[in-house]
Amino acid sequence: MSVKNIAIVAFLVSSAVIVTLSKLCSGDGYDQNQIFYAIADDDNNIRIRHTEDGRFVGKASYTRSINVTGWDYLEILTSIKVDDATQAYAAGLLEGYITADLINTYWQNIFQNFCDGRADLCAQLDEYLQTNKNWIMSQVTEKNELDAYWHQVGLMYKQLDGLYDGYKLNTKEGMQSLTWENFFWMNIQKDLFNLCDVFNSSHPHKKQFGAGSCSVLIKLLPGSKELFLSHVTENRYETMLRIQKRYRLNYKESKSSYQLVLGHDITFSSYPGCLYSMDDFYLISSGLAVTETTISVYNPQLWAYVQPIGQVRNK
């Protein structure tokens, strides 16, 4: 997606950055409101279609309004009639396809020059993350049949596979040819920047020590009748490509379970190419509102305990 004639007016109001984009031109010919379907053929290959012709796996509704409200809106629904792994892949495929132009621009803004002059750091990161991925997938393979945690972790990776494939399907001339690892980096940004500290190296997005990126206000009204929750994210201008997302993914608790997970319907603020909020702000069908504020590591000696394997222990 190309961005032309952008006028940015920024005001700092109570640590919040309000960005007005006077013109955001995509040049891709898309309508403002779009609906796409994930349809499985007789060989269980999933295709992206404009109409619901065939075996329904998933549906994406996408509203382009970033140049009006500062946000695009994406909603993804998957069919409870198909297995969890297929749902996860279809959800990612739809999102990667329909938001490909924004993903391309987001990568340019955040990561395109990340490794310039940092070849040794990026080699360390790649080795660490590959070791970590191999260990995680071994845990998923071994335990996802009965273990709810590792089943959901495996679905996250399957959704990421779909996100990558969906982007490839809709990569147009002039867009970057991103790798699976590039998408993985987008989905572990905060951890990635922490790993730079582990390896005692700087990076382009390093903030002043102790500086956070969000704040939360929680207010319980008299009589405990209402609970108000507000979350504010403050960040740099290049991150201001925002998508409000809703995932309705009908996953089961584990591979061998028929019980629907309580958090199958999630609404959250997010970014292109990210399968999580990163702000973080979630409203979940389980009845929970989930948010957080930045926790900084002030003792650099603790980084020695960060290892690529064995960091998550099962009960």
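**Group meeting: the disulfide and a helix pair**

A search of the whole structure finds one disulfide, a term used here for a pair of cysteine sulfur atoms within 2.5 Å. Before the details, colleagues, a word on the source. This is a predicted model, in which local features need pLDDT of at least 70 and side-chain atom pairs count only at pLDDT 80 or more, while totals for chains, interfaces and linings use all residues. Residues are numbered from 1 along each chain as its sequence is written, and side-chain values use heavy atoms, with hydrogens and water left out.

Let me begin with the cysteines. A disulfide is a covalent bond between the sulfur atoms of two cysteines. Here the bond joins Cys-115 to Cys-122, with an S to S distance of 1.9 Å. The torsion about this S-S bond is about -100°, so the disulfide is left-handed.

Are the cysteines buried or exposed? By convention, buried means under 20% relative accessible area, exposed means over 50%, and partly exposed lies in between, with a 1.4 Å probe and protein chains only. Cys-115 is partly exposed, because its relative accessibility is 31%. Cys-122, by contrast, is buried, at 5%. Cys-196 is in no disulfide; its nearest cysteine sulfur, that of Cys-122, is 7.6 Å away. Cys-196 is buried, with 0% relative accessibility, and Cys-274 is likewise buried at 0%. In the protein chain, 42% of the 315 residues are buried.

I turn now to the secondary structure. The protein chain has six helices and twelve strands; these are DSSP runs numbered from the N terminus, with helices (H or I) of at least four residues and strands (E) of at least two.

Two packed helices are described by the angle between their axes and the distance between the axes. The axes of H3 (residues 119–143) and H4 (residues 148–169) come within 9 Å and cross at roughly 125°. Axes are lines fitted to C-alpha atoms, for helices over the stretch in contact, and angles run from 0 to 180 degrees between N-to-C directions. H3 and H4 are therefore oblique to each other, since angles under 35 degrees count as roughly parallel, over 145 as roughly antiparallel, 65 to 115 as roughly perpendicular and the rest as oblique.

Which residues of H4 make the contact? They are Trp-150, Val-153, Gly-154 and Tyr-157, while the H3 side includes Trp-135, Ile-136 and Met-137. Contact here means heavy atoms within 4.5 Å.
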